[in-house]
Amino acid sequence: MSLGTGCSILSALQDLPSAPWPALRSKMEKHLQVISVLQWVISFLAMGAAGTVLLIYMFCTDLWVIAAMYTAWLIFDWNTPKQGGRRSSWVRNWTMWTYFRDYFPIRLIKTHNLLPSRNYIFGYHPHGIFSFGAFCNFGTEATGFSKKFPGIKPSLATLAGNFRMPVFRDYLMSGGICPVNRNSIDYLLSQNGTGNAVVIVVGGAAESLNCAPGKNSVTLNNRKGFVRLALQQGSDLVPVYSFGENDVYKQVIFEERTWWRLAQKRLQKIIGFAPCLFHGCGFFSSDSWGMVPYNKPITTIVGEPITVPKIEQPPRDMVDLYHAMYINSLTSLFDKYKTRFGLKESDILHIH
């Protein structure tokens, strides 16, 4: 090959357009974001059941020894979720969670400092369908919780039934997620030192049945157990509101006292979570229906802590007082930030 020919080829390569490469990289990142979100949705819906079925099946095969060993370990390790769990900094810092964060995207905003010498109960609102904001902000380090709140260790509380399922229980514990029951929360707030923040999605499954895009409502009026617990442990209450949590899925909301609504509530009591009829978009197209949530921004605001005294047997009027203070603080937080995230000044937070 002559020198002239080589120079001509090099010149031609340099003249090729470079635009497709950034476009290809952006497209690949978008696919990775979708996959990271979809794996969490599928894991939450199916990993527990799949792990249980697999374990039972293995007992019927030549792999029964492995199944027996894991079952023995499961029995031995049964109380670990109620005793602080087994969080993994490595899992909480997986690169996958940054793709998860960037898909929506999800942001965490700090409004006040939290003292590592105190313990806290965060009340997270609203529930949404999957509480994506709660998981990303407090079950991973994707939004930098530990850097924004140094010395504070968050523990997101979820259904205790999830920790009875093989494999899935370990996946949850690795993110610092704990059962939302009295024993687990008492341990974290009384036997695990200070600097603990238990995150409770106060509205729970009942609230998820009412979530819809553009709807700003929380189930809180009759939810006082977390306030009583805060008083008994002397843990400060922190209101948390996520703008956009209700916008990532569309849901069919049935009228009260209809057959479908009664069926939903009945199933909720039996299985522990609400069987919502919802949809997002498809994996390959935002115009189709599917399990992938819509990429709507979720911004989580951590409000000002309410200092709570320690009273082992708080009277009802004391619980009511701090419950009212919490509602006022949450409402003020919503009103202060609502116009910054696409809401109108006239929009109000409906508390049921």
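Helix H12 (residues 259–271) is the top contributor to the lining of the second largest pocket, giving four residues. Helices here are DSSP runs of H or I with at least four residues, strands are E runs of at least two, and both are numbered from the N terminus. This is a predicted model, in which local features need pLDDT of at least 70 and side-chain atom pairs count only at pLDDT 80 or more, while totals for chains, interfaces and linings use all residues. Residues are numbered from 1 along each chain as its sequence is written, and side-chain values use heavy atoms, with hydrogens and water left out.

Back to that pocket: its volume is about 260 Å³. A pocket is an open set of points on a 1 Å grid over the protein atoms alone, where a 1.4 Å probe fits, with protein on both sides within 12 Å along at least five of seven lines; lining residues have an atom within 4 Å of a point. Grid points are joined across faces, edges and corners, and the volume is the space filled by probe spheres set on them. Of the 15 lining residues, Ala206, Asn210, Glu256, Arg261 and Lys265 lie nearest the centre. The lining splits into four nonpolar, five polar and six charged residues. Ala, Val, Leu, Ile, Met, Phe, Trp, Tyr, Cys and Pro count as nonpolar, Asp, Glu, Lys and Arg as charged, and the others, Gly among them, as polar.

The largest pocket holds about 780 Å³ of space. Its lining takes in 32 residues, with His127, Thr158, Leu159, Gly204 and Ala205 nearest the centre. Elements giving two or more residues to this lining include helix H2 (20–58), helix H6 (132–138) and helix H11 (225–233). By class, 23 lining residues are nonpolar, seven polar and two charged.

Then there is the sheet. Seven strands form an open sheet with mixed pairing, in the order S1-S11-S7-S2-S5-S3-S4; two strands pair if DSSP finds at least two bridges between them. Strand S1 (106–110) and strand S4 (178–179) are the edges, each pairing on one side only.

Strand S11 (residues 298–302) is largely enclosed by the rest of the structure, because five of its five residues are buried, meaning under 20% relative accessible area with a 1.4 Å probe, protein chains only. S11 pairs with S1 in the parallel sense over five bridges, and lysine 110 stands opposite valine 302. With S7, S11 pairs in the antiparallel sense over four bridges, and phenylalanine 243 faces threonine 299.

Note on methods: Buried < 20%, exposed > 50% of the residue type's maximum accessible area, 1.4 Å probe, protein only.
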